[in-house]
Amino acid sequence: MAETLDYYELLGVARDADAETLKKAYRKQALQYHPDRNSEPGAEDRFKQINAAYAVLSDPDKRAHYDRFGHEGPGLGAGGNPFAGGINPDDLRDIFGGDVFSELFGSFFGGIPRRDARHGRDVALDLALTLREVADGGDHSVSFRRPGRCQTCAGSGARPGSSPVTCDTCSGQGKVAVSHGFIRMVQGCPACQGSGRVIADPCGDCRGSGVAAEEVTVTLPVPPGVATGQRLRLVGEGAHGKGGGQPGDLLVRIMVKPDPFFERDGDDLVCEVPISFPQAALGASVAVPTLDGKAKVKVPAGTQSGKVLRLRGKGLPRLRGMGRGDQLIRLHVETPSRLSPRQRELLEAFEQISLEEAGEHPEPRRKGFLDKLKEWFD
Ligand SMILES: [Zn+2]
Ligand SMILES: [Zn+2]
């Protein structure tokens with residue numbers, strides 16, 4: 001350790017600083033010089049000194065002793081270092097808050113996992129479904145690649161015939177003790193990442209990772225009524241977890257393919273059905289597609305373009321809840337665009353009669369329009 005600086009100077013506080021000021025000063029300095037956060041030369045020494053200073057000044061008895069005698073003072077009690085003993089863990093937790101405390105001191109107070117068990121990551125993919133598949137739901141086979149267990153070494157990472165050996169650095173304990181001044185910390189062993197074992201002869205196929213890509217097919221149950229963008233999760237079907245860790249999950253994002261007939265509006269389906277002008281005028285029974293097959297709907301006489309008919313319960317199953325949405329049929333009256341001479345002749349005759357009879361049976365919209373037009377120009 002470098003020369004021993006005055007504890008008050010180290011923390012940068014006045015000699016009459018109160019407990020709160022000391023805490024703040026210590027927190028600031030400790031965060032600045034913690035060796036995990038500061039790789040500058042001397043940072044670790046400085047961190048140890050800061051801890052030593054705070055351990056003394058935060059204890060009223062030791063502080064009083066230090067104020068009287070300084071570093072060289074006679075021991076408290078029988079022999080040894082008058083200032084032995086570290087900082088109270090509760091005090092540290094209070095000073096740094098839960099997260100930072102765990103980061104800086106967690107390995108000391110909380111222990112570390114014995115093995116290098118790592119949760120496998122989640123694997124994401126898209127699944128395209130037709131509207132009919134959405135309506136039916138049910139099991140779907142999905143094939144994909146994921147980081148799986150290396151078959152050659154059964155996931156151990158060691159060349160077949162060999163096995164991982166005990167780590168020399170930590171003698172298989174998975175952790176090593178490090179002293180930071182008054183705080184003796186136990187850290188995960190850097191040589192074996194805490195597993196206690198190292199691979200001396202790595203598997204050639206996975207280079208010691210224990211992981212190899214694999215092609216798999218799994219069965220995904222799809223609930224009826226799912227929509228584009230929704231995600232389904234298959235627990236444990238993601239990437240292989242290392243060191244005996246849990247595998248990740250498979251996350252499947254649903255994409256519903258466009259349908260030639262239907263547009264989706266929540267649980268309702270909307271389809272546009274063209275009808276002819278005579279069908280609209282006379283009324284008709286027209287064939288429409290539904291999810292359950294072809295159906296006949298009755299178009300009432302005198303139907304205007306844009307009228308919507310509703311087929312109750314012919315929409316999609318409700319994902320949450322009972323029953324199904326509706327199917328909406330929007331009728332579009334199609335004006336003939338290419339007339340044969342015969343059609344033209346009949347339509348002209350039709351229009352002639354319409355004009356002659358307009359006085360008796362005027363069409364309400366057209367009459368209203370013509371009346372307004374007349375007013376406008378008068
Ligand atoms: Zn392998
Ligand atoms: Zn080790």
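Cys167 is buried, at a relative accessible area of 2%; buried means under 20%, exposed over 50% and partly exposed in between, with a 1.4 Å probe and protein chains only. Cys192 is buried too, at 3%. The model is predicted: local features need pLDDT of at least 70, side-chain atom pairs count only at pLDDT 80 or more, and totals for chains, interfaces and linings use all residues. Side-chain values use heavy atoms, without hydrogens and water.

The SG atoms of Cys167, Cys170, Cys189 and Cys192 coordinate the zinc ion (ligand 2) at 2.2 to 2.3 Å. Donors are N, O and S atoms within 2.8 Å of the metal (3.2 Å for Na, K and Ca). The spacing along the chain is C-x2-C-x18-C-x2-C. Cys167 lies in the loop between strand 3 (165-166) and strand 4 (175-180), and Cys192 in the loop between strand 5 (183-188) and strand 6 (197-198), 25 residues apart. Strands are DSSP runs (E, at least two residues), numbered from the N terminus.

The arrangement is tetrahedral because the four donor atoms subtend angles of 102 to 116 degrees. Four donors count as tetrahedral if all angles lie between 85 and 135 degrees.

## Zinc ion (ligand 1)

Cys150, Cys153, Cys203 and Cys206 coordinate the zinc ion (ligand 1) through SG, at 2.3 Å. Cys150 sits in the loop between strand 2 (138-149) and strand 3, Cys203 in the loop between strand 6 and strand 7 (211-222), 53 residues apart. Cys150 is buried at 2%, and Cys203 at 1%.

## Disulfides

A disulfide is a pair of cysteine sulfur atoms within 2.5 Å. The count is zero.

Terms used:
Residues are numbered from 1 along each chain as its sequence is written. Chains are lettered from A and ligands numbered from 1 in the order in which they are written. Four donors count as tetrahedral if all angles lie between 85 and 135 degrees; four count as square planar and six as octahedral if opposite donors are over 155 degrees apart and all others between 65 and 115; anything else is irregular. Helices (H or I, at least four residues) and strands (E, at least two) are DSSP runs, numbered from the N terminus.
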